[in-house]
2 protein chains.
Amino acid sequence: MFENRRFLLIRRPVGTPVPADFALESSRAASPTAGKILVRNHVASLDPAQRGWMDDAPSYMPAIPLGAPVRATTVGVVAASAHPDYREGDWVVGLGALEDYSLITPNSFTRKVDVGGTASPSLYLSAFGAVGMTAYFGLIDAANPSAGETLLVSGAAGAVGSIVGQIGKIIGCRVIGIAGGADKCSRLTRDYGFDVAIDYKGKDSEVLATEIGAALPDGADILFENVGGTVFDAELMNIAPGARIVLCGLISEYNAARKVGARNLWQVLVRRATLKGFLVADYADRFSEGAQQMAEWISQGRLRIDEDEQDGLENAYAAFMRLFSGANTGKLVLRIA
Amino acid sequence: MFENRRFLLIRRPVGTPVPADFALESSRAASPTAGKILVRNHVASLDPAQRGWMDDAPSYMPAIPLGAPVRATTVGVVAASAHPDYREGDWVVGLGALEDYSLITPNSFTRKVDVGGTASPSLYLSAFGAVGMTAYFGLIDAANPSAGETLLVSGAAGAVGSIVGQIGKIIGCRVIGIAGGADKCSRLTRDYGFDVAIDYKGKDSEVLATEIGAALPDGADILFENVGGTVFDAELMNIAPGARIVLCGLISEYNAARKVGARNLWQVLVRRATLKGFLVADYADRFSEGAQQMAEWISQGRLRIDEDEQDGLENAYAAFMRLFSGANTGKLVLRIA
């Protein structure tokens, strides 16, 4: 069978992952046994959630076993099939790993996709993938925004945040985004149509809270949270009574050996806010509805999807770390083939 | 008019309040002008919420002005009335202050009450007051428990927590309480019927989380949170998928100059939990429904209400601090007359 390079987790990271937590090894891809397919991965998704899967802690998915390749959503082509619904050459998206070939037992995460024309493989990792579906269902379903409401988004220049903000504008919200650095902030207002961009870099929670307050004198009706820590603390000081908070991610905390925590949670109490933990996997049976709406907005020119494509399994570690350094400028994907 | 001793806030506390933040002064009670009543306070409620009102920070109520007496719910007798609905001698509960006489403009917080027989004045501060109504609506309405569910309560030996646990048992929940010290823990199982009591004293968050996990292998369906900080961190590691968290108080954080924060908030995400900020004031129009149910349970011997009565305005500071030292053994009230 085929040579299969695999990016393995060999040690559980403590705090920020280091290169020695991983190893790139080569072996032979196994042939699929009955009910399985072998997928030649073309592009893989790099997401903050993967950092959580590396820890051995209670979660919605089992931890990645030590010695196994780093779990990832991938888009690829069926190289060999022992499953009646899949044929060699089919394009599929599924839960594979950072490796040349993934042996997959098709399940609810697996589906055949149309690639070609304007539909690049990576679009199934961004607009039509977990990122796009997180933004769509996290905002539309979990927060249920109305025109005229104010929407505050953290990690606003990130893959999810940039889409959340744009959908907020499509719905008619006033949208305030928080991002790190002048470049990202100018992308928010220039590329994604945010009403206000606020740079959190170099500001403590109190200073940032004051700045958010100036842009949001009546507080945020909806807070879409991707970041956590001091940014979340500052936002919590600026929520409107009855605010809905969608807790989508806490990227600033994932690598922290000592987490900052949410120190202004008392504002959730005094503002009678509701905070909901959101996992896109719960919406798997509605992905086609979401993807259809995203495709329509893209074709109408109302939604811009940026991707940050990094190249090669040998660069997997450096590529993954772009999520935490804030270097990525759009949905981060790793090209494998 | 009458001599009126008043327990004034003269400086905003930083962290734990100190005696110099307050002053006991004496003046003459003013006569009520049109629409007002003068109430001779008999008992006053001492609650963690008062600590929040001492800070000049965004909240559901204005901060207590410096130089004003510490705001408190009180039960007393109308000493003079310039309001058509109130007569001298009427017993009333209302939002007054830690002072002999409070000048009150009757509003939605004010109502006439029946005192006598088994209905002591202080019962309107405990079972029929904010404490009882917080426990009742916080559990019944905000968490909506069903028989067979597991309920985890922090601050379980406190005024609210002890009632929450008992209502949970009446509904048919399995109830686990967290409290500080062996005495409080034995009260939980002996006096209040909790299934399991866990002592948090001297344990870090990880150790406490393990102990909770042993009592709750499938996680808590409902978490009724009164404490925050490391206790909340430990609880968050033990919530069931889809858990409902009622955020009722964060007493461990109120005096903290440097708050611990909720460092395990990521569990709200991975468990798709919902966290709701709860304020009893939102249920003011349903208090009679709640009080009626509480009175019925008390008369049936199914609900035990403990009070910790401290005596005298001159002891207001020491009495208030019992809330934070954990010394109080039931609803803390201050006898004024």
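Okay, Ala44 of chain A: it stands opposite Thr74(A) in strand S4(A). Strands here are DSSP runs of E, at least two residues, and helices are runs of H or I, at least four, numbered from the N terminus. Keep in mind that this is a predicted model, where local features need pLDDT of at least 70, side-chain atom pairs count only at pLDDT 80 or more, and totals for chains, interfaces and linings use all residues. Residues are numbered from 1 along each chain as its sequence is written, chains are lettered from A and ligands numbered from 1 in the order in which they are written, and side-chain values use heavy atoms, leaving out hydrogens and water.

So, strand S3(A), residues 37-45, pairs with S4(A), residues 71-81, antiparallel over seven bridges; pairing takes at least two DSSP bridges. S3(A) also runs antiparallel to S6(A), with four bridges, and there Arg40(A) faces Tyr101(A). Then there's S15(A), antiparallel again with three bridges, where Ser45(A) sits opposite Val333(A). Seven of the nine S3(A) residues are buried, so the strand is largely enclosed by the rest of the structure. Buried is under 20% relative accessible area, with a 1.4 Å probe and protein chains only.

Now, what about chain B? We count two salt bridges between the chains, each a side-chain nitrogen of Lys or Arg within 4 Å of a carboxyl oxygen of Asp or Glu. One of them joins Arg272(B) to Asp282(A), closest N and O atoms 2.5 Å apart. And S13(A) meets S13(B) antiparallel through three bridges, with Thr274(A) partnering Lys276(B).

Key: Buried < 20%, exposed > 50% of the residue type's maximum accessible area, 1.4 Å probe, protein only.
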